[in-house]
Amino acid sequence: IPLFDSAEQARANHEPDAIKPWLGDSVGWYEGDTVVVETINYHPLQVEHGSIKITEDGKLTERFTRYSDREIVYQFTVEDPNFYSRPWTAELSFYATDGQVYEYACHEGNYAMEGILAGARKKEQGGE
């Protein structure tokens, strides 16, 4: 995600509306200690498969704020008049338990993980 000096500069650097990357066109900037990421121009097929319902006309604004040495607050706002009567916002925190912060959704729906772990357990038990 390219970062710019201001929201205005970032928005001026969005791709043309005709270009619709699979996960949308994202640009970012800082507001104080918060990284803001704005995504527009979602690919039409993403609408059908995404976990958050959003159309080509929608906008997702994400905010990442370091709250402490062990916590990042993640907030997102969805704006899409095709699905919602008004914007809505949600937030959650990412916590570091071992010194590193990991985004948990990376493994959501990752069915390969079960097979990988089962294979590793079998190998530990002496199986090939």
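Predicted model: local features only at pLDDT ≥ 70, side-chain atom pairs only at ≥ 80, totals over all residues.
Q: How many bridges join E2 to E3?
A: Seven, and the two strands run antiparallel. Tyr30 has Val35 in E3 as its bridge partner.

Q: What lies between E2 and E3?
A: Two residues, and the strands form a hairpin. Gly32 in that turn has a positive phi of about 65°.

Q: Is E3 mostly covered or exposed?
A: E3 is mostly covered, with seven of its seven residues buried. Buried means under 20% relative accessible area, exposed means over 50%, and partly exposed is in between (1.4 Å probe, protein chains only).

Q: Which way do the E3 residues point?
A: Thr34, Val36, Glu38 and Ile40 point one way, Val35, Val37 and Thr39 the other way, and all are buried. In a regular strand, side chains alternate between the two faces of the sheet.

Q: How does E3 pair with E4?
A: In the antiparallel sense, over six bridges. Glu38 has Thr61 in E4 as its bridge partner.

Q: And how many bridges are there between E4 and E5?
A: Nine, again in the antiparallel sense. E4 and E5 form a hairpin with two residues between them, and the bridge partner of Arg66 is Ile72 in E5.

Q: What about E5 and E6?
A: They pair in the antiparallel sense over eight bridges. Val73 stands opposite Ser93 in E6.

Q: New topic: how many aromatic pairs are there?
A: The structure holds six. Rings of Phe, Tyr and Trp (its six-membered ring) pair if their centres lie within 6.5 Å; planes under 30 degrees apart count as stacked, over 60 as edge-to-face and the rest as tilted. One of the pairs is Phe64 with Tyr74, with centres 5.0 Å apart and planes at 40°, so that pair is tilted.

Q: Where do Phe64 and Tyr74 lie?
A: Phe64 is in strand E4 (residues 59-68) and Tyr74 in strand E5 (residues 71-79), so the pair ties together parts that are 10 residues apart in sequence. Phe64 is partly exposed at 28% relative accessibility, while Tyr74 is buried at 12%.

Q: How are the rings of Phe76 and Trp88 placed?
A: Their centres are 5.6 Å apart and their planes at 75°, so the pair is edge-to-face. Phe76 is in strand E5 and Trp88 in strand E6 (residues 88-95), 12 residues apart. Phe76 is buried at 11% relative accessibility, whereas Trp88 is partly exposed at 29%.

Q: Which residues form the aromatic cluster?
A: Phe64, Tyr74, Phe76, Phe83, Tyr84, Trp88 and Phe94 form one cluster.

Q: Now the loops: where is Ala18?
A: Ala18 is in the loop between helix H1 (7-12) and strand E2 (25-31). At 74% relative accessibility, Ala18 counts as exposed.

Q: How far apart are the C-alpha atoms of Ala18 and Asn41?
A: They are separated by 8.2 Å, with the two residues 23 apart along the chain.

Q: Is Asn41 buried or exposed?
A: Asn41 is buried, at 5% relative accessibility. Asn41 lies in the loop between strand E3 (34-40) and helix H2 (44-49).

Q: What is the phi of Asn41?
A: Positive, about 55°, although Asn41 is not a glycine. Most residues other than glycine have a negative phi.

Conventions:
Residues numbered from 1 in each chain as written. Heavy atoms only, no water. Helix = DSSP H or I, 4+ residues; strand = E, 2+ residues; numbered from the N terminus. Pairing = 2+ DSSP bridges.
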